[in-house]
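Subject: Structure for your review

Dear colleague,

Please find below the structure that I am handing over to you. My findings follow it.

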Amino acid sequence: MKAKVRFAIAVVVLGLLMTGPFVVTSFLVWVDMGESERQILIDLLVSRLPIGTMMTLFGFGIGVGVLHKLFKQYVEGLLGMAEQLRLMLGANRNFRVKLDGPPEVQQLARVANDLAAQRDALMDDVDSQIAEANASVEEEKNRLAALMSELAQAVVVCNLDGRILLYNNRARLQFKALSQGPTTVAGGALIGLGRSIFSILEKNQVEHSQEIIRQRLSNGKSALANFVTTTRGGQLLRVQMVPVLSAVHEEGEAKMTGYVLTVENITRTLEEEARRDQALHSLTEGSRAALGSIRAAVANLIDYPEMDPELRERFVKVVDDEAARMSQRLDDTMGEFSDSMKTRWPLEDVLAIDVISAAQRRIDDKLKLPSKIEDVDESLWIKADSFSLVFALTFLAERLLDHYQIRDLRFRTSHEGKLAYLDLIWVGQAISSETFYTWEMETMQALGESSSLSLRDVIDRHGGEIWYQRDKAAHRAFFRFVLPVAAPETELLDERRATGRPEYYDFDLFKFEDQTIDLDRKLSDLTYTVFDTETTGLEPSKGDEIIQIGAARIVNNRLLKQETFNQIVDPERPLKPESIPIHGITEDMVRGQPNIDIVLPAFHAFCEETVLIAHNAAFDMRFLQLKEDRTGLRFTQPVLDTLLLSAVVHPNQESHKLDVILERLGISIDTRHNALEDAVATGEVFLKLVPLLEQMGIVTVRQALEAAEKTYFARIKY
Amino acid sequence: MSKKILIADDEPNIVISLEFLMKKEGFDVAVAVDGEEALAKAASFAPDLILLDVMMPKKSGFEVCEALRADPAKADLRIVMLTAKGRDTEVAKGLAIGADAYVTKPFSTKDLVIQVKSLLGMA
């Protein structure tokens, strides 16, 4: 019942209370009286009725006033307080009830405010704990991402659908090297967050390994599976899979939520192994026949010493023949074998000081020859096979000690550009160049061990040089090893610098299951390809052609600047001079680039399973559509146009040019009018538009498409 | 009458020794230098035992062995396979397709003679 109705009832009750007893008493007295008495009473009352009525009305008025006051304070006042409390509970946490009205109500308000203060303190505490936890989760994510990017192995993390959640730089480089044909123009478009791993690896093999891991998990064994797979280009990959397990909340097995793949290209290793196997085979089985002939012939010679000389001659000839053939075979095999030994030992980055220390230890311990270090740059990295290099140093030290009785040795390093110098210095007698030449060419022996390599081989393996030099003034001489300086991988560093931190991971992808484009999904949940084209002109129907395609991906509401597509296209027709200042692409830049027949399939693969976004998309789509017949490729996915979406959000703004929108939304972009940069700018615009659209109730892709269609601009046709 | 041995091997350097050895042991010896000749001589020369090399031109020792074992008239023929392949799998194959013995090169001539004699029931 409304407060006002209740007030009205209260007023009526008051009125009845004030008049009721008098009216009832009067009626009873009236009934009891005789005719004459009634006449007297009427005479008495009628003359005094106005005063009585006045008094009654006056009293009633005061009564209503008091009632009204009480009602205001205790009913409406409390109702008002209730509204304020509700405000405090929801919309505005910081609101406090105003202290107003009678003391009892004020007391109630004070208690309510105290309760609110206590609640705020608790909530702040929880908030700060959540923030802390989030920060530490973020930190761990970053740590993991950093760790992954440092790993020398190619690592890819996928969810159970085979979507890539995380990959490191090594994986990107490896798959880039693997990608064949048109995808190479896209710079390794195969690998990307949210993309399917099955475009790289065989699906059934991956699923089979998943099954093995599940079985091993349920049997309580260490969960691990290996397989070898062949890529389309004929390369062999060894893949190791370990599961990503969900955190265990209750008793029972942890569930597999994804997997980590470590991928190694073993094509070369296998080839080398096959070669070694062949060498071993020809040494063992190949020798059996020859040895069989020799053994039988020799046995005959021994067992029948009285045989006639001609026959004896023939047996001896057999032994001679076969022995010569075996020697030849051994030589051939060793030749091949040492080749494959060379390829087996790749150069690695080592500190020059580490190589020297290792050599020093061996020379001190085994040769009892003291050595010192002078002028060694402790931060000099070289590319070396440290084992053979240390062996070479020890070999030279031993030779010097044996032939020239040197007393001590010194090491020195220096470097000049890409070359590192490692000097082995001694005081005393000079050696002849003939001696050094001999030392250089013979297979090395040191400390009783022998190597299959000569000093020259070691130097050649390093792509280096060695010479002998004298410092006459100081009565010193030295061998100088020239070795390559290990250069840091600049490409890797550049990318990190550009973006602050690697974007190769996205753990939120764990949440999504299958991802065929569903128009009723939220705009912020989908994977997009934002793209832009540069063209020779504005009229595709009159022969204008695409000369550049640039694109970037948006995954989980984040623009991935590292997963981009950027390709200049040879339009196979002259550029229009007036358009060159606009796109900045000249004839020279276009010549020798792939034509649209090669680029379009690569771009098609790049935007597979994504929603397309472009600014003024109709223009770009028209160019793509005109190529449908020629390439047989159709871009059938939904297309969002940032120009139209901007018009949806700001219908009263005059211009929806990209520059204007960028300024309106407060996005600053360095350079523009290059397809990739414009695509990135378009992506930034889209990400800003998503929350604005959401405010208007446009949440899904379908809603966005419908809203865009309704705007005026949709009617423009190219 | 002396027993007859057919030596089937394409390596003259081992044939010369085997031929000399077997003759010294008193056997009648014939030589074949490839798989087809081995089959022809097995028919014409009618040996009691054949020393059969695995790696031969035209027909491998395995093929010759299989062909010989397919002929019931030659059930008594003893077959000793000689090979430069020492793998377990090949030994198993040779014995499985009907060879009586499998000798891997290099071998001791004395042991070979003992084996041949025992197969021919002369030991």
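Chain B holds five helices and five strands (DSSP runs, H or I of at least four residues for helices and E of at least two for strands, numbered from the N terminus). Starting at the N terminus, its elements follow the order β-α-β-α-β-α-β-α-β-α. The model is a predicted one, in which local features need pLDDT of at least 70 and side-chain atom pairs count only at pLDDT 80 or more, while totals for chains, interfaces and linings use all residues. Residues are numbered from 1 along each chain as its sequence is written, chains are lettered from A and ligands numbered from 1 in the order in which they are written.

Of the 123 residues in chain B, 40% are buried (20 or more other C-beta atoms within 10 Å of the residue's own; 12 or fewer is exposed and anything in between partly exposed, with C-beta atoms placed from the backbone). Contacts are pairs of residues whose C-beta atoms, placed from the backbone, lie within 7 Å. Among the contacts in chain B between residues at least 6 apart in sequence, 57% link residues at least 24 apart.

Helix α2 of chain B (residues 35–44) has B:Gly35, B:Glu37, B:Ala38 and B:Ala42 as buried residues. These lie on the same side of α2(B), because they cover an arc of only 155° around the axis (the arc of the directions from the helix axis to the C-beta atoms). Their packing partners in chain B are β1 (4–8), β2 (28–32), β3 (49–53) and α3 (61–69). On the face of α2(B) turned away from the buried side are the exposed residues B:Ala40, B:Ala43 and B:Ser44. After α2(B) comes B:Ala46, with a positive phi near 45°.

Chain A has 21 helices and 19 strands, and buried residues form 28% of its 718 residues. Of the contacts in chain A with a separation of 6 or more, 66% are between residues 24 or more positions apart.

Two helices of chain A, α1 (residues 3–32) and α2 (residues 35–89), pack with their axes 9 Å apart and at an angle of about 155° (axes are lines fitted to C-alpha atoms over the stretch in contact, and angles run from 0 to 180 degrees between N-to-C directions). That angle makes α1(A) roughly antiparallel to α2(A), a term for angles over 145 degrees. The residues of α1(A) that meet α2(A) include A:Phe7, A:Leu14 and A:Trp30, and those of α2(A) include A:Phe60, A:Leu67 and A:Phe71. By class, this contact between α1(A) and α2(A) has 13 nonpolar, five polar and two charged residues (Ala, Val, Leu, Ile, Met, Phe, Trp, Tyr, Cys and Pro are nonpolar, Asp, Glu, Lys and Arg are charged, and the others, Gly among them, are polar).

Strand β13 of chain A (residues 465–471) contains A:Glu465. A:Glu465 counts as exposed because it has 12 C-beta neighbours inside 10 Å. Apart from neighbours within four places in sequence, A:Glu465 is in contact with A:Ile459 and A:Val482. The C-alpha atoms of A:Glu465 and A:Phe481 are separated by 6.0 Å, and the two residues are 16 apart along the chain.

Finally, the contact between the chains takes 16 residues from chain A and 17 residues from chain B. On the side of chain B that touches chain A, helix α1 of chain B (residues 12–24) supplies the largest share, eight residues. That side of chain B divides into eight nonpolar, five polar and four charged residues.

Yours sincerely

Methods:
Two residues are in contact if their C-beta atoms, placed from the backbone, lie within 7 Å. Angles under 35 degrees count as roughly parallel, over 145 as roughly antiparallel, 65 to 115 as roughly perpendicular and the rest as oblique.
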